[in-house]
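Please look over the chain below. The report that follows takes up its loops, helices, salt bridges and pockets.

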Amino acid sequence: MLGKQSARKRAAREAAASPQRPTVVFGPSAPADAEAILDLSRTRLPVALPLIERYAEGRPSPFEPRVARELLLEFSVARIDGRVVGYAYKQPFPRPGGQGYEPEVANLVFLAANVGRSGLGIGNGLLRECAVRAKATGAKLITAHVPTEAITLYERAGWTVLAADRGLAWQLPGGILYGDYPKAALPFPHLAYKQLGQISYAFDFANDGSAPVHQATQELRRQVRAGEIDERMVSDIARRQIAISAQIGTSFGPGATPVRRF
């Protein structure tokens with residue numbers, strides 16, 4: 001009996017002496033978080049700094065028609081004792097040809113965390129928070145361009161990460177065919193994605209340097225012919241994309257006759 005009491009007391013003393021693991025709280029950002037997001041960008045994600053500076057200062061972005069300051073409200077942040085220690089930013093995926101944005105597909109653009117706070121699940125929590133918020137607004141898929149050192153983080157969060165320089169294509173039910181691949185000028189050689197709802201199909205393709213949707217149409221046609229994708233899943237819009245791509249070798253345009261046979 002005395003031995004058990006001594007063991008319990010010793011365990012209590014050790015617990016009191018050891019530092020407590022801080023609690024990380026995840027949620028949407030607030031306007032007051034702008035400077036903290038900028039500070040993290042300067043040290044952890046300098047490639048994002050020019051665009052985030054526009055958001056923080058309320059200057060219009062050349063890539064986004066909305067008031068820049070409003071975009072800061074779409075960041076997800078991680079907080080410890082009220083301080084921002086990580087952030088992530090997602091936006092709707094841009095449609096081909098500059099035709100607006102696709103609300104049913106989210107694109108995770110930025111992810112950064114305080115290097116001194118590693119081991120607390122900040123990155124994993126931010127990925128989860130972004131996926132939850134994207135799904136709540138109707139997104140069926142979320143994608144990201146990922147550095148090699150972050151592959152394990154994304155895979156542990158349930159994402160699929162493609163091999164370096166592979167492209168990704170997908171189609172929503174009845175929708176257009178999308179294609180994307182890593183940009184050689186940026187240090188993010190992998191594409192990652194996570195399905196959040198119903199999509200018709202998704203596949204990866206070898207990047208030959210031509211327009212991504214052009215490559216996607218060629219690979220889709222090959223996979224349908226090989227029986228890897230059911231032709232009935234291919235929308236009329238995607239069929240028109242295939243026809244145009246075959247005729248003029250570009251990514252997308254309206255008005256072509258749908259492909260009846262693959």
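In which loop does Asp-165 lie? Asp-165 sits in the loop between strand S6 (160–161) and strand S7 (166–171). This is a predicted model, and every value here is computed from it.

**Positive phi**

Most residues other than glycine have a negative phi. Asp-165 has a positive phi, near 70°, and is a residue other than glycine. With a relative accessibility of 47%, Asp-165 counts as partly exposed. Asp-81 is another non-glycine residue with a positive phi, about 50°. The loop between S2 and S3 holds Asp-81. Its relative accessible area is 78%, so Asp-81 is exposed. Gly-58, the residue that follows H3, also has a positive phi, near 75°.

**Overall make-up**

The chain has 262 residues, and 45% of them count as buried. It contains 8 helices and 10 strands. Take the contacts between residues at least 6 apart in sequence: 65% of these join residues at least 24 apart.

Which residues of H2 are buried? They are Ala-34, Ile-37, Leu-38, Leu-40 and Ser-41. Around the axis they cover an arc of only 165°, so they lie on the same side of H2. The elements that cover these buried residues include H3, S2, S3 and S4.

Helix H3 (residues 49–57) has its own buried set: Leu-49, Leu-51, Ile-52, Tyr-55 and Ala-56. Viewed down the axis of H3, these residues fall within an arc of 160°, so they line one face of the helix.

**Salt bridges**

Side chains of opposite charge can pair when their charged atoms come close. The count for this model is 11 salt bridges. Three of them are tabulated here.

| Salt bridge | N to O distance |
|---|---|
| Arg-79 and Asp-33 | 2.7 Å |
| Lys-140 and Glu-104 | 2.8 Å |
| Glu-228 and Arg-222 | 3.2 Å |

Start with the salt bridge between Arg-79 and Asp-33. This pair links distant parts of the chain, 46 residues apart. Arg-79 is in strand S2 (residues 75–80), while Asp-33 is in the loop between strand S1 (24–28) and helix H2 (34–44). Are the two partners buried or exposed? Asp-33 has a relative accessibility of 7%, so it counts as buried. Arg-79, at 21%, counts as partly exposed.

Next comes the salt bridge between Lys-140 and Glu-104. Lys-140 lies in the loop between helix H5 (122–136) and strand S5 (141–146), and Glu-104 lies in strand S4 (residues 101–113), so the pair ties together parts that are 36 residues apart in sequence. Lys-140 is partly exposed at 23% relative accessibility. Glu-104 is partly exposed at 31%.

Glu-228 is partly exposed, with a relative accessible area of 48%. Arg-222 is partly exposed too, with a value of 40%.

**Pockets**

Rolling a probe the size of a water molecule over the atoms shows where empty space is left. The largest pocket holds about 1,600 Å³ of space. Its lining has 50 residues. Which of them lie nearest the centre? They are Val-109, Phe-110, Leu-111, His-145 and Phe-188.

Several elements supply at least two lining residues each: H3, strand S3 (83–94), S4, H5, helix H6 (151–156), strand S8 (177–180) and helix H7 (212–225). S4 gives the largest share, 8 residues. By class, the lining of the largest pocket has 32 nonpolar, 11 polar and 7 charged residues.

The second largest pocket has a volume of about 160 Å³. Among the residues that line it are Glu-74, Lys-90, Pro-103, Arg-133 and Ala-139. S3, S4 and H5 are the elements that give two or more residues to this lining. The lining of the second largest pocket divides into 6 nonpolar, 2 polar and 3 charged residues.

Terms used: Residues numbered from 1 in each chain as written. Predicted model: local features only at pLDDT ≥ 70, side-chain atom pairs only at ≥ 80, totals over all residues. Heavy atoms only, no water. Salt bridge = Lys/Arg side-chain N within 4 Å of Asp/Glu carboxyl O. Helix = DSSP H or I, 4+ residues; strand = E, 2+ residues; numbered from the N terminus. Buried < 20%, exposed > 50% of the residue type's maximum accessible area, 1.4 Å probe, protein only. Arc of directions from axis to C-beta. 1 Å grid on protein atoms, 1.4 Å probe; cavity = no way out; pocket = protein on both sides within 12 Å on 5 of 7 lines; lining within 4 Å. Points joined across faces, edges and corners; volume = space filled by probe spheres on them. Nonpolar A, V, L, I, M, F, W, Y, C, P; charged D, E, K, R; others polar. Contact = heavy atoms within 4.5 Å.
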